[in-house]
Amino acid sequence: MGRARGMTSLIETRIEEIRQQGLRELQANRPTEALALFDRAFELGPTEEQHEILTINKARCLVELRESGPAVQALPMILMRRRNARHAFLAAYTLQYKFRLEGDYRKAAVYGSQALTLAEQNGGEGAAEVLLEQGSICVLDSRTEEAIGFFERALAMLGNQPGRELSVAIARQNLGYSLLITGEPARGVELIHDALSRMEALGADGFYPESHIDLCYGYLELEQLEMARHYGELGLAHAVEDRQIRNAHYLLGEVLYKLGRSEEARGHFEALARYYPDFPNLTNLLLAFDLRRMVNLKL
Amino acid sequence: MNRSVQVELVGRKIRQMRRQRKLTQTELADRIGINQSDLSRMEQGEYRVGLDTLLKILQTFDVGIGEFFEERPQPTPMDNYSRLSPAAQKEVDDFIAFKRMHEEAMLDGESEGDDELD
């Protein structure tokens, strides 16, 4: 009997080790590798408690991979059942993230609100990350002033806690961008520079292109065109997402147009227009009109 | 809520064109792939869309760009001057000074000629 219990305990420990390995892969932005590890942990016969947390972890991987499956479908049930407060929080947070990626900002905000309540009931752990997500959802949904409130709350909550430096940098970056959009470009640029320095100190190079492109936008708003050009070119050189490449071309086109370099501006607008083959007049449209105030660059 | 005049103008234009084509907000929103409530906010100048959505709206209405936006104003000579580097501005200043001297010399020449005629 004792031997069997010991064996069970060993299996539980092994499952938790594999789960932790999976979480590390997930944090390192390797969801496919993480998914394989969570599946291996499932095969070892987890307890009910472990089964639930593994389901949430697996769902997060699938969401990252823009896939669905039974694990993702189980999240609302885990949230409703609330057999474990921490699991319920994680389910709500994952659903908030899922709907944000899918562009359903209303549902994302509803799950975010539930996640925030649960985080606060659990002593506040994870609340700052939920606030950051809520802020990003507001930016995408053109509710930038609400976004500012969320980012400021997240920053107040994060303070100078050790181990949260990247979250602080991201919050400052997002707050800076929101200020650019709401007519405070000087304060916005200052915050983004500060965020970029923090990211550089952490070696978080995946975040640099977004900061560079936001700085290009900010300096363009401030009419500091050579600075705008500098950061636009940096952003373009390191951009990884299509959206970032498109934004860098668009903003550089605007900057160069304002610098009186129409031909170079045309080159960037033509590069952007290649993403929209169904709209042959886009280059001319961009040369004729400044769309900055009409378009949400985060979409 | 942050509003910009341009977004408000475009919003009004979208509402006007939608009504001219006898489309409901839901019908237009379906065609361009956004929520009806977002289109409603866009028409009120409260919602900024992605570039692809803006382009879809233009395609759906099949309108020329000139109908939609106000033309970018042509830069004035002062705008062109202010976009130059300080060194280039100095060259322009020197050229203007040279042109002034040249014109003054021409005027002097003309008045000397006048003297000769006297």
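Reader: How many helices and strands does chain B have?

Author: In this predicted model, chain B has seven helices and zero strands. Helices (H or I, at least four residues) and strands (E, at least two) are DSSP runs, numbered from the N terminus. Local features need pLDDT of at least 70, side-chain atom pairs count only at pLDDT 80 or more, and totals for chains, interfaces and linings use all residues. Residues are numbered from 1 along each chain as its sequence is written, while chains are lettered from A and ligands numbered from 1 in the order in which they are written.

Reader: What makes A108(A) in α6(A) count as buried?

Author: A residue is buried if 20 or more other C-beta atoms, placed from the backbone, lie within 10 Å of its own. A108(A) is buried, and so are Y111(A) and L118(A), among others in α6(A). The cover over the buried residues of this helix includes α5 (85-101) and α7 (127-140) of chain A. In chain B, 19% of the 118 residues count as buried.

Reader: How do you know that the span of helix α6 of chain A is close to the expected one?

Author: The expected span is 1.5 Å times one less than the number of residues. Helix α6 (residues 105-121) has 17 residues and reaches 24 Å from its first C-alpha to its last, close to the 24 Å expected.

Reader: Which residues make up the contact between chain B and chain A?

Author: Two residues are in contact if their C-beta atoms, placed from the backbone, lie within 7 Å. The contact takes 23 residues from chain B and 20 residues from chain A. On the side of chain B that touches chain A, α4(B) gives the largest share, five residues.

Note on methods: Buried ≥ 20, exposed ≤ 12 C-beta atoms within 10 Å, placed from the backbone.
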